[in-house]
Amino acid sequence: MTSLATTNTTPSHHIIQNTSKQDFATSGSTTEFDYLVLADSHGTGFYKNYYTKMFNNIKWSEFITGNWCENLMTICNDKTKTYRIGTTFTCVKITPEYFEVTWIGDSSAKIYKDNELIWKTKDHDYDNNEDIEQLKLTDYFQIKDAWDIQATSSTIMTSKKAKLFRINGEGTNMTRCLGHKETFAQLGFETTKIDREAGSYKIVAGSDGFWQVMSDEDTPFICYKENTAEILAKKARQRWEQHWDHDDTMGTISKDVKIPHHNWDDVAVATWSN
């Protein structure tokens with residue numbers, strides 16, 4: 001197969017950490033495929049940087065071949081080091097024939113064709129009712145109501161109902177992720193292949209620190225091919241820093257609200273376009 005590096009493709013990645021410093025992203029090319037890899041870890045304590053250190057030491061162009069999902073499960077679910085820590089993981093492999101997306105957790109990947117969204121991951125987040133129904137069959141599974149925020153325009157931040165999940169002392173706001181002593185990895189990765197046809201494509205993978213401050217009205221900006229991962233990440237960081245109109249969804253809109261610095265999320269973005 002001809003190297004994709006000769007076909008004018010442009011993978012890119014960029015990270016802007018805040019206080020937790022737990023996002024990871026990389027991108028690159030091999031003779032067989034281009035790739036994007038992105039992860040958003042969480043947790044506190046001695047091992048809170050466990051995944052960012054691990055992922056930075058992996059040669060991804062070689063790792064994401066063969067039975068790599070099984071291998072990643074093994075190295076990420078060490079029960080002696082993953083107490084109350086976990087991570088999402090999203091990988092996109094791009095060939096001339098198809099796009100292969102593999103993910104666990106809520107770091108979304110979206111595919112745009114000719115400036116229109118044509119596919120996105122079904123995230124393993126607190127809105128994934130199919131996963132929740134399966135988890136309800138697990139011993140000691142608990143659900144707690146919570147709140148989250150999501151930008152609904154470039155100036156409006158809206159509160160939304162969320163959920164927290166607990167199993168045997170491990171907790172997260174996702175139905176699936178790596179870590180947590182394998183507690184939330186039982187449903188495994190999802191993988192989808194999307195046929196690649198003639199046309200202009202852009203793929204964007206991002207941590208929730210990116211997507212949470214973006215709304216549908218940002219689609220033209222996000223899918224514009226000249227906007228690399230760095231440009232998208234910097235825009236997201238600006239959004240975390242700005243003032244918002246806050247809609248609490250219960251009838252009150254507060255003007256000129258600023259999100260406290262310690263609540264700004266890390267931002268990781270990886271993109272590919274042709």
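Predicted model: local features only at pLDDT ≥ 70, side-chain atom pairs only at ≥ 80, totals over all residues.
**Ground rules.** I took local features only at pLDDT of at least 70 and side-chain atom pairs only at pLDDT 80 or more, while totals for chains, interfaces and linings use all residues. Residues are numbered from 1 along each chain as its sequence is written, and side-chain values use heavy atoms, with hydrogens and water left out.

**Ring pairs.** I paired rings of Phe, Tyr and Trp (its six-membered ring) if their centres lie within 6.5 Å, calling planes under 30 degrees apart stacked, over 60 edge-to-face and the rest tilted. That rule gave me 19 aromatic pairs. I looked up Tyr50 and Tyr51 next: their ring centres are 5.1 Å apart and their planes stand at 75°, so I noted the pair as edge-to-face.

**Burial.** I used buried for under 20% relative accessible area, exposed for over 50% and partly exposed in between (1.4 Å probe, protein chains only). Tyr50 is buried at 15% relative accessibility, and Tyr51 is buried at 1%.

**Tryptophans.** Trp103 and Trp119 have ring centres 5.9 Å apart and planes at 75°, so they are edge-to-face too. Trp103 sits in strand 6 (residues 98–104) and Trp119 in strand 8 (residues 116–120), so this pair ties together parts 16 residues apart in sequence. Strands here are DSSP runs (E, at least two residues), numbered from the N terminus. Both Trp103 and Trp119 are buried.

**Cluster.** I found one aromatic cluster whose members include Tyr50, Tyr51, Trp60, Trp68 and Phe189.

**Charges over rings.** I counted NZ of Lys or CZ of Arg within 6 Å of the ring centre and within 35 degrees of the ring normal. Lys110 lies over the face of Trp211, 4.2 Å from the ring centre. Lys193 lies over the face of Tyr98, at 4.4 Å.

Definitions and conventions
Helix = DSSP H or I, 4+ residues; strand = E, 2+ residues; numbered from the N terminus.
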